[in-house]
Amino acid sequence: MIYTPNGAPAQFAHQADDLTKMWDKPGWAWWWEQGTGKSREFIDNGGMLYCEKAIGGMFMIAPNGLHRNFITQQIPVHLPADLAEQTKTLFWHSTKSGTKTWQNTAREFMSWKGLKILSMSYDGLTTDLGKKLAKEYLIATKCLYGADESARIANPGAWRTKVVL
């Protein structure tokens, strides 16, 4: 299956080629240089899997700040318009996560019936509330799980790596 995003900018040749090779694999890594389209590839892969009813969401772990940019900058540019209408997004906000307003937003996100895209920072995932949300999401939602800047979890014996895994 070749995915043709509706309303999204055209893919680079290396992205289209790679996506046709890996979209349905259980695991894959992109070792591309910065700025070569890894986020776009992740979003396209998730869109294809969602359209095939193989997943219900995407979960991106990234350094603090980049996790927010994934939701606020990458998703709006790369998620096709037809999928965007079916999608709810949420990024972890450590300073607000304990408030009732944010908790209500998270509950609304978790009950969404369409595509759910969650993004958390590595640090957010190590907090009690972050772990709780991630666990609830992963239990309730079959998803594509990505780790941006994965050097942050390169040591298999490190506590943070264990939490992320």
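Me: Phe 42 and Phe 70, buried or exposed?
Reply: Both Phe 42 and Phe 70 are buried (under 20% relative accessible area with a 1.4 Å probe, protein chains only; exposed is over 50%, partly exposed in between). This is a predicted model, where local features need pLDDT of at least 70, side-chain atom pairs count only at pLDDT 80 or more, and totals for chains, interfaces and linings use all residues. Residues are numbered from 1 along each chain as its sequence is written, and side-chain values use heavy atoms, with hydrogens and water left out.

Me: What is the average pLDDT of the chain?
Reply: The chain averages 84, and 78% of the residues score at least 70; pLDDT is the predictor's confidence in each residue, from 0 to 100.

Me: Which element has the lowest mean?
Reply: Helix H1 (residues 13-22), with 65, while strand E2 (residues 87-91) has the highest, 97. Helices (H or I, at least four residues) and strands (E, at least two) are DSSP runs, numbered from the N terminus.

Me: How many aromatic pairs are there?
Reply: The count comes to five. Rings of Phe, Tyr and Trp (its six-membered ring) pair if their centres lie within 6.5 Å; planes under 30 degrees apart are stacked, over 60 edge-to-face, the rest tilted. Phe 42 and Phe 70 form an edge-to-face pair, 5.9 Å centre to centre with 65° between the planes.

Me: Where do Phe 42 and Phe 70 lie?
Reply: Phe 42 is in helix H2 (residues 38-51) and Phe 70 in helix H3 (residues 66-78), so the pair ties together parts 28 residues apart in sequence.

Me: And the rings of Trp 92 and Trp 102, how are they placed?
Reply: Their centres are 5.1 Å apart and their planes at 80°, so this pair is edge-to-face. Trp 92 is buried, and so is Trp 102.

Me: Switching to strands. How many residues of E1 are buried?
Reply: Six of the six residues of strand E1 (residues 57-62) are buried, so E1 is largely enclosed by the rest of the structure.

Me: What does E1 pair with?
Reply: Six bridges join E1 to E3, and the two run parallel. E1 also pairs with strand E4 (residues 143-147) in the parallel sense, over five bridges. Two strands pair if DSSP finds at least two bridges between them.

Me: What are the bridge partners of Gly 57?
Reply: Lys 116 in E3 and Cys 143 in E4.

Me: Last one: where is Ser 119, and what does its side chain reach?
Reply: Ser 119 is in strand E3 (residues 115-121), buried with a relative accessible area of 0%. Its side chain reaches the backbone oxygen of Met 60 at 3.4 Å.

Terms used:
A polar contact is a pair of N or O atoms within 3.5 Å; within protein, one must be able to donate a hydrogen and the other to accept it, and residues adjacent in sequence count only if both atoms are side-chain atoms.
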